[in-house]
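Welcome! Please take a look at the sequence and the 3D structure below, and then read on for a guided tour.

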Amino acid sequence: MGKAIAVLGCAWGDEGKAKITDVLAKKSDFIVRFQGGNNAGHTIVVDDEKYVFHLIPSGILYPEKICVLGSGVVVDPFELIKEIENLEKRGISLENRFLIDSRVQIIINKHRELDQKGSGVGSTKRGIGPCYADAVSRKGIRFADLFDKELLLQELPPKEAEELFEVGKQIEKYHQQIPYFLNNATDKNILFEGAQGSLLDVYFGTYPFVTSSHTIKGGISIGTGFSKNVETFGILKSYYTRVGDGPFPTELFNRVGETIRKNGNEFGATTGRPRRIGWFDAVAAKFTTMINDIDNVVLTLLDVLSGVDFLKICVSYEIDGKIIDEFPANVKSLKNAIPQYLEIAGWNEDISQITDFDKLPQNAKIYIRVIEKLLDRKITMISVGPDRKQMIHK
Ligand code: GDP
Ligand code: IMO
Ligand code: MG
């Protein structure tokens, strides 16, 4: 019997999902994206070689795995072809192991143009929001429509219709009915690779400063047609980051924040923007691990905190004079939230080569145990560097 697992970002994205996907994909047969589009930037490092994926699931580096885009993904076909060509140049072939559901929504010129004009939330300007908006307005163009020239000519300016029809021919071979493909493969191990993070979910994130898809566990069913049991791995950074606009209660504006940005190389993998940096927020993490029913918490980038004298973890917020430990549903409250911190002494040792939990410095162990206690969930994996080998299994 096959097993289904999911890698879900539990903050504002860039938690290191791709690295964990890469580690877990070793035992998987299919790696499936279920939402988002090329707004994602997923980085994998293998033996000093760096790969950044935007649309193609991170499992593609293993030659025998099948990679899938489910119905909930939005696809920019021109960007997809560029990504495929770049991978092929590096010797990675997608032949017979890349599939796209007929139902995916297609990003067209209008979507990119609207997003370029300004989304008001600091979007990646890839046309994601306008594409999902057209999808729910029942005006979208879906993958299967690319093979219908008459329909394209009715819906789009002639030049764009021609171009899309041509590009459709190039990617037609990937076309598949993904709900049947996944549900019939009962003996296969499936890994669902989330993009963005729960705090960017269109319903549960810091609305309106969110992306336009369902990034949480429920998005898997919506975005693939697969609704069987899924074991969840919730990815949390050892500190927090955010790109784009929106509230960020534990944000740091001081030297410590700058050091973390520099040591963690915190610049966006898609847009190159410097990421905003803040302390670990247990209020937010308790909320996101709850709504995703996280079975395994994975803590990433712990190595980046080496050398920071004192670490802080936000345990509650003070909002309008009241102490609150629930993540507020509205942005106004979050903007007024004053984080209440617990302070923990840091460590100086380089931990990036440690693979055994017991060998971690005492204060790093305390930091991990405090987070486990606050979340009331087990941390089962700790990442101490970008490479697949830099991993502690607890
Ligand atoms: P994703 O969008 O969640 O897949 O994350 P990104 O790839 O956008 O950002 C994570 C960054 O951190 C990438 O540059 C990774 O190579 C890097 N990374 C992942 N895990 C670790 C880790 O444990 N330590 C360090 N130093 N870097 C890591
Ligand atoms: P990965 O998968 C971090 C942010 C943007 C913006 C908001 C809306 O690499 O974790 P959009 O282009 O989706 O309409 O932008 O969401 N955002 C991300 N932030 N990581 C991502 O992806 C993101 N994808 C979108 O910065 O604030
Ligand atoms: Mg990223």
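## Reading the model

Helices (H or I, at least four residues) and strands (E, at least two) are DSSP runs, numbered from the N terminus. This is a predicted model, in which local features need pLDDT of at least 70, side-chain atom pairs count only at pLDDT 80 or more, and totals for chains, interfaces and linings use all residues. Residues are numbered from 1 along each chain as its sequence is written, chains are lettered from A and ligands numbered from 1 in the order in which they are written, and side-chain values use heavy atoms, with hydrogens and water left out.

## Two spots along the backbone

Let us start with two local features. P208 sits in the loop between β10 (190-193) and α8 (218-224), and the peptide bond that leads from Y207 to P208 is cis, with omega near 5°.

The loop between β3 and β4 (49-53) holds D48. Although D48 is not a glycine, its phi is positive, near 70°.

How many residues of domain 1 are in contact with domain 2? There are 44, and they meet 43 residues of domain 2, where contact means heavy atoms within 4.5 Å.

The size of an interface is often given as the accessible area lost when the parts come together. Here, domain 1 and domain 2 bury about 3400 Å² between them, with 56% of it on carbon and sulfur atoms. Buried area is the accessible area (1.4 Å probe) that two parts lose on being put together, summed over both.

## What joins the domains

The rule finds 3 salt bridges across the interface of domain 1 and domain 2; a salt bridge is a side-chain nitrogen of Lys or Arg within 4 Å of a carboxyl oxygen of Asp or Glu. The side chains of D47 and K389 form a salt bridge, at 2.7 Å from N to O.

On the side of domain 1 that touches domain 2, α1 (17-25), β3 (42-46) and β11 (231-237) each supply at least two residues. The largest share, 5 residues, comes from α1.

## Around the ligands

Ligand 1 is surrounded by 16 residues, the closest being K17, G41, T43, D303 and S383; a residue is near a molecule or strand if one of its heavy atoms lies within 4 Å of it. A polar side-chain atom of D303 is 2.7 Å from a nitrogen atom of ligand 1. A backbone N or O atom of A18 lies 2.9 Å from an oxygen atom of ligand 1.

Which residues come nearest to ligand 2? Of the 20 around it, they are K17, H42, T124, Q196 and T211. A polar side-chain atom of H42 lies 2.7 Å from an oxygen atom of ligand 2, and a polar side-chain atom of N39 is 2.9 Å from an oxygen atom of ligand 2.

Note on methods: Polar contact = N/O pair within 3.5 Å; in protein donor to acceptor, adjacent residues only side chain to side chain.
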